[in-house]
Amino acid sequence: MRKWTAYALTSVAALGLSAGLAAAQDYTIGLSNGWVGSEWRTQMIDEAQAAAEAWSERGVDVEVLVQSANVDVPGQIAHVRNFISQGVDAIIINPNSPTAFDPVFAQAKEAGILVISTDAEVSSPDAMYVGIDQKGWAEASAKWLAEALEGKGKVVAINGVAGHPANQMRVAGYQEVFSGYPDIEIVNEVNANWDQAQGQQAMQNLLATYPDIDGVWVQDGMAAGAWRSIMDAEKTGEIAATGEIRKDFIDLWVENDFTSGASVNPPGVMASALNVAVFLLQGRELAEPADAGQYGNALYLPIPFIDGGNVEEAAAELDGKPGYYSYTSQLSIDEAEELFK
Amino acid sequence: MASVSSPVHGAAPGRLKRLFERYPFLPALVILVVLLALNGVFAPNSLSFRALTGLLSTYLALMLLSVAQAYVVFASDIDLSVGAIASLVNVTIIVVMQQLGGGVPSVLLALAVGLAVGLACGLANGIVVAALRLQPIVATFATSIFFTGLALYVLPVAGTPAPAVFWRTYGGRLLGVPFVVYLALGLALVLYLLARSRLATQLLAVGDDAQAAYQSGLPVTLIRIKGYALCGLFAALAAFCITGDTASGDPLVGGKMTLLSVAAVVLGGCALSGGFGTAIGAVLGALIIGLINSLVFFVGTPSEWQNLVQGLAILVALMVGIMVSRRARA
């Protein structure tokens, strides 16, 4: 028993020592991710860590501390409190809730910590958002679909989780775009919970119910599932449908010459947020204040778009990566600097 | 007994045994102190007054939920719906506060409604389990789905903000002392009084041997229902803390806390088979879980291992606690 405890203590001490050796940084930035359900999130953190290392070329040492685990909202609030205890300079968070962090972000700001959310907007006036506009993301692919259909036809939509804030913004986005095309009719909208298999199932049902549809608006990984159903029904040439950004899908797209277009929600958003954060920590001022979005605290990043015109370039860029790797883009340090005075 | 066969070492284990029987939460207290010290070693700031207050306000909800769980575990029952009850109360009070304008009277009314909802859920569980005699683990799992459904009906989307007066009070200070400190002191007082109450003893008696309790004239069914009712009330209090700390409504917020509350109860030295344990132990257990989560981060565990190490550490804490108390009670 005692020997065992001693062993446990030594191993903990060894871990601590290795953490303590990396001393003498200029900035410490905490990254919090509250959901570990997809490779996209893993890639997001890897890219952010790489971005932090890249700062050494500019003579700035950026140490990142990562807390990434499947937690509920109180658990992610604990992440933020841990960062406050550690005395980080900035916190970058992919938040599990849009509103629940108001109190703890207020405490972080009180402690002099810069808070940036990415991937999902937060209502806190003490934080800013650096990422893409989820509504604009949906609008871009809806617009592509409407043009691909030359402004007329029957369309179905396959959405994510009902009631999820990001899903709601996306639904609002495509509905707004389609309402501008009087000859496009949305015949049905279903939820497939951002799950590839459910997306495939939903598409099968939709094809059985509406054999004459012309277009499909579908998000993220569900698109790969939907396209499989379209291929099974041998309608690849007749239907235009939105796509997604993982290498597996893009390869399939090139191979079968889909009529597809995909808005890119790049996993590099956290890396972009990190680059913005470092400039803010250096006391630089944004050229344009971050006041976009429904909460008035957002700095929107450009949304790349993949369609028939550039899908082969995207495929070439992803060559050699694993199948789950997402097409990505991020603000380089130089590009981030252009946002500042 | 050991003390008879080995008189030399007999006295100390005998005393230790009595100590553990009187205070079943002692192993948990030791683990807690060790964890606090380790947190202090790896992140000295984590022992600052502000960080400790933060720890309290983050984990007060789990502490209360674990206390709720403890009272049903005393009677050899279990409640897998505590998290769902907390979610339901959370969205209920958010909606009531919003509908009534968010002033102080509306907040107080919302809290009263919240307590009533918690109590009603607890009574429903009690009736299903004790009066209708369904298996507690399955019955409360079913009611948890039902309560979650109700919560989704009350507030379909996470996000309605709480009035500022509510969360600023919870996260603020009163006479220079953080509000959560008063809440913790209040909780300690309530737990002290409840520990000396007849109900706590009766619950433990039922958990120890329901047949014997029945034969000695205790109203076993009524006592178990009372245990679930108490559990519902504490789950409502936990929901108040969640609402104070997150300042918004979320119909799924408490879901993941249910099993954590069971773990906390066991970490705190309660027997899941009932009849043995303390509510204060459950509070310590909740803090242990919280401190383990922060320690895993403070020692610098790489992000891809954090979930795994957290799980292992909780397992180790459970083993240490059980080994210590088993040795002491043997």
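Helix α5 (residues 134–148) of chain A lies across β6, β7, β8, β9 (240–242), β10 (259–263) and β12 of chain A. The helix runs at about 160 degrees to β10(A). Angles run from 0 to 180 degrees between N-to-C directions, with axes fitted to C-alpha atoms, for helices over the stretch in contact. Contact requires C-beta atoms, placed from the backbone, within 7 Å. Helices (H or I, at least four residues) and strands (E, at least two) are DSSP runs, numbered from the N terminus. The model is predicted: local features need pLDDT of at least 70, side-chain atom pairs count only at pLDDT 80 or more, and totals for chains, interfaces and linings use all residues. Residues are numbered from 1 along each chain as its sequence is written, while chains are lettered from A and ligands numbered from 1 in the order in which they are written.

Helix α6 (residues 165–179) of chain A lies across β6, β7 and β8 of chain A, at about 175 degrees to β6(A).

The strands form an open, mixed sheet of 6, in the order β7-β6-β8-β9-β10-β12 (chain A). Pairing requires at least two DSSP bridges between strands. β7 (184–191) and β12 (305–306) of chain A are edge strands, each with a single partner, so one side of each has no neighbour in the sheet. Strands β6 (residues 153–159) and β8 (residues 215–218) of chain A run parallel, joined by 4 bridges. Here A:Val155 stands opposite A:Gly215 in β8(A).

The interface takes 34 residues from chain A and 39 residues from chain B. On the chain A side, α3(A) gives the most, with 9 residues.

Definitions and conventions: Contact = placed C-beta atoms within 7 Å.
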